[in-house]
Amino acid sequence: MHALLEAIATMPASQQAQRLFHGRGGLFPGCEHLSLDLYPPAVVLTSFAPLADEALQSVGDALQQRWQQLYPGEPLTWVYQCRALGAAETRLVQGSLPEPHTVQEDDARYQVHVLRGQNHGLFLDMAEGRRWVRQFIARQPDPERCTVLNMFAYTCAFSVAALQAGAGQVINIDMSKAALASGQQNHRLNQLAGGQFWGHDIFSSWGKITRTGPYQLVIMDPPSYQKGSFVATKDYARLIKRLPDLLAPGGFALLCLNAPELPLAFLQDQMAELVPELEFIEQVANPAIFADVSPDRALKVLAYRMPS
């Protein structure tokens, strides 16, 4: 655990939600099961293998020492989540969490819940994707005329980014009404209007989705595997085929895939085969902290453009 303890010893002072250590990227031998995140004021340690009490004590001691260096006199709050058997077991090791617990990324605020479930309400590896959306909307000649379709919206962080940048309307669609309720709260936190929230099955709603378009930006960020709703290997193609009907002339599509078992070519080949008229523009870089020994295992975010 030397690499993790070294990361703690050099942990920066910050009020921004971010990853602090990414052992999952394979760059730190022996730490492949570990990650450390900052959801201010809480530090969250996640392990995909059981950790002995001695190891947890070492982490706690290191965190306590660094926290007092950064924030003298302020209490440390940290959380441990073990995902050794697939299901998450989470406990508050030290300190207390605010209720509600809100964090900041750039100029946006998001509600998170680090003690409940495996997903905390904000995917930190998508930070550059949200910045890309902000920059895209800000570059438009008339941002208020931009309509964005945010598919598999989860807690609608992409929508917050788009509306803060000046987009006129964002359609957020997700099967989980609980996730969309959190998304609505995120919009209220940031005092944003212009978001719509559809608790629909995307594959049963193409008529409504298409009628509301065309869209200047379509964001596709599906789960890689969600039994009964989406399996990337067979369902991503169904999304891609719809892009020409959804995009306005000159509109952009942002395709996201977080499946370590599927390479970048999985998306590129399907795009080239199914919608060759769309032009590949760029791959959005992941935050540097998420570097991986094999880029094909990491989050993949690709931007394409519809001809004008």
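Modeller: A residue is called buried when its relative accessible area is under 20%, exposed when it is over 50%, and partly exposed in between (1.4 Å probe, protein chains only). This is a predicted model, in which local features need pLDDT of at least 70 and side-chain atom pairs count only at pLDDT 80 or more, while totals for chains, interfaces and linings use all residues. Residues are numbered from 1 along each chain as its sequence is written, and side-chain values use heavy atoms, with hydrogens and water left out.

Colleague: Why is Arg 131 called partly exposed?

Modeller: Arg 131 has a relative accessible area of 24%, and Asp 106, its salt-bridge partner, has 25%, so both values fall between the 20% and 50% limits.

Colleague: What makes the contact of Arg 131 and Asp 106 a salt bridge?

Modeller: A side-chain nitrogen of Lys or Arg must lie within 4 Å of a carboxyl oxygen of Asp or Glu, and here the N to O distance is 2.8 Å. Arg 131 and Asp 106 also belong to a network of salt bridges with Glu 128.

Colleague: How do you know that Asp 37 and Arg 19 are buried?

Modeller: Asp 37 has 3% relative accessibility and Arg 19 has 16%, so each is under the 20% limit. Their closest N and O atoms are 2.7 Å apart in a salt bridge.

Colleague: Which category does each partner of the salt bridge between Arg 297 and Asp 292 fall into?

Modeller: Arg 297, at 35%, counts as partly exposed, whereas Asp 292, at 17%, is buried; their N to O distance is 3.0 Å.
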